[in-house]
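Subject: Model handover and notes

Hello,

Here is the model we spoke about. Please open it alongside these notes, which follow below.

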Amino acid sequence: MKQQICILGSTGSIGTQALDVIAQHADRYEVYCLTANNKVNELAAQARKFRPAAVVIANENHYTALKELLSDCPDIKVYAGKTAIDDIVQAAPIDMVLTAMVGFAGLSPTIKAIEAHKKICLANKETLVVAGELICRLAQEYRSPILPVDSEHSAIFQCLVGEAGNKIEKILLTASGGPFRTFTSGQLRDVTAADALKHPTWDMGAKITIDSATMMNKGFEVIEAKWLFGVEVDKIQVLVHPQSIVHSAVQFSDGSVKAQLGIPDMRLPIQYAFSYPDRLPLSSPRLDLFKQPLEFFEPDMEKFRCLNLAFESVRKGGNMPCIVNAANEIANEAFRQGRCSFLQMADIIEQTMQRTTFIDCPSYESYTASDAEARKIAAELITYSSH
């Protein structure tokens with residue numbers, strides 16, 4: 001029997017690479033459902049190629065257009081709206097759900113998929129950033145496995161295979177450092193979104209590429225690692241590794257360090273999440289260690305304040321990471337639209353942290369309320385600063 005996969009966010013960078021993996025292993029995997037937010041033409045093209053049972057467009061305004069594009073494919077059911085995404089992940093035939101949606105929007109369908117006992121291939125890091133405690137509790141309660149798709153967390157996961165019961169002394173989380181690693185604070189004042197979108201090693205979506213440039217992405221990965229691997233944040237060390245060859249490492253209580261290496265290719269961690277514990281062939285270039293040195297540097301927490309704010313938020317706990325995520329989504333979008341500067345993003349996030357109501361033990365409802373409150377505050381701060 002082929003395994004049935006639902007891809008949330010199929011038109012994004014992770015989603016399209018996941019479809020490439022599925023195409024390479026059509027004997028093992030089949031697409032049950034594809035979802036997108038706004039990219040109607042891309043979603044329709046994917047549906048024509050992979051013939052899923054259903055497609056969902058989150059933005060209901062695009063329903064008619066999608067329905068028309070697939071009018072000659074009566075075997076593909078067409079749905080629209082966020083509720084439809086929550087519903088489709090619970091469909092009985094689905095074996096695993098790849099959560100590749102961007103931002104807070106991925107939280108609700110991930111919860112619904114867990115409650116339906118689906119295997120979660122987690123590429124939406126915001127889900128654990130926002131509600132790590134809740135997600136881990138539900139995954140345990142419903143016995144729903146969560147396999148990381150982020151290259152760093154996949155690397156850590158791979159290093160831990162066969163190490164059950166062995167104590168983790170430290171997680172070494174690598175970061176490329178982004179395009180501004182060697183910039184001075186003065187140079188960072190004038191960088192544009194176009195500059196920030198030129199990532200030196202990875203090909204990713206716009207939002208995550210900006211997060212990489214500010215190093216907020218790495219901050220989120222610290223929070224994600226805390227929940228995925230059950231370690232305290234002071235046992236997670238960030239290493240700037242410009243070559244993006246060592247995807248991360250684990251240090252054990254005997255001092256031994258295990259690392260996972262490979263070329264920067266997201267298809268490898270996607271495929272490993274699908275196939276674990278098996279390793280399947282993957283057509284991709286191979287790593288040649290003779291070609292380049294491997295360098296490691298300490299991150300500059302003063303220059304890249306977003307990384308520091310993420311550490312602060314996870315130490316504070318409660319709904320603070322949720323607040324940081326919401327403020328970051330607003331600031332990131334404003335920077336891409338030219339409504340705030342690169343350095344202002346950290347200011348907006350920090351001020352939003354100070355002004356949003358803190359909740360020590362949040363529920364799902366209070367996460368949603370905190371998200372809305374933080375977004376409103378961050379948006380007001382951006383409007384005020386641009387005048």
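One term first: buried means under 20% relative accessible area, exposed over 50%, and partly exposed in between, using a 1.4 Å probe and protein chains only. This is a predicted model, in which local features need pLDDT of at least 70, side-chain atom pairs count only at pLDDT 80 or more, and totals for chains, interfaces and linings use all residues. Residues are numbered from 1 along each chain as its sequence is written, and side-chain values use heavy atoms, with hydrogens and water left out.

Ala91

Ala91 is buried, at a relative accessible area of 15%. Ala91 sits in the loop between helix H4 (82-88) and strand S5 (96-99). Helices (H or I, at least four residues) and strands (E, at least two) are DSSP runs, numbered from the N terminus. Apart from neighbours within four places in sequence, Ala91 contacts Tyr32 and Lys118; contact means heavy atoms within 4.5 Å. Asn61 is 30 residues from Ala91 along the chain, and their C-alpha atoms are 24 Å apart.

The annotated span

UniProt, in an unreviewed entry, puts the feature "domain: 1-deoxy-D-xylulose 5-phosphate reductoisomerase N-terminal" at residues 5-132. UniProt positions follow the numbering used here, feature names are shortened, and annotations may be inferred rather than shown by experiment. In the model, residues 5-132 are 41% helix and 22% strand. The end C-alpha atoms of that span lie 24 Å apart.

The sheet

An open sheet holds 4 strands in the order S9-S8-S10-S11, with mixed pairing. Two strands pair if DSSP finds at least two bridges between them. S9 and strand S11 (257-261) are the edges, and each pairs on one side only. The twist from one strand to the next averages 20°. Axes are lines fitted to C-alpha atoms, for helices over the stretch in contact, and angles run from 0 to 180 degrees between N-to-C directions.

Strand S8 (residues 168-175) pairs with S9 in the parallel sense, over 5 bridges. Leu173 stands opposite Val238 in S9. Ala175 has Val240 of S9 as its bridge partner. How enclosed is strand S9 (residues 236-240)? Largely, because 4 of its 5 residues are buried.

Helices on the sheet

Helix H7 (residues 151-160) lies across S8, strand S10 (246-252) and S11. H7 runs at about 40° to S10. Helix H11 (residues 216-229) also packs on the sheet, touching S8 and S9. The direction of H11 makes about 150° with that of S8.

Glu221 lies in helix H11. Is Glu221 buried or exposed? Glu221 counts as buried, at 1% relative accessibility. Beyond residues up to four places away in sequence, Glu221 touches Lys125, Asp150, Glu152, His153 and Leu173.

Helix pairs

Helix H6 (residues 126-141) packs with H11 at about 5°, their axes 9 Å apart. H6 and H11 are therefore roughly parallel; angles under 35 degrees count as roughly parallel, over 145 as roughly antiparallel, 65 to 115 as roughly perpendicular and the rest as oblique. Leu128, Val129, Gly132, Glu133 and Cys136 of H6 meet Phe220, Ile223, Glu224, Trp227 and Leu228 of H11.

The axes of helix H13 (residues 305-316) and helix H14 (residues 320-336) come within 7 Å and cross at roughly 150°. That makes H13 roughly antiparallel to H14. H13 contributes Leu309, Ser313, Val314 and Lys316 to the contact, and H14 contributes Met320, Pro321 and Val324.

Best wishes
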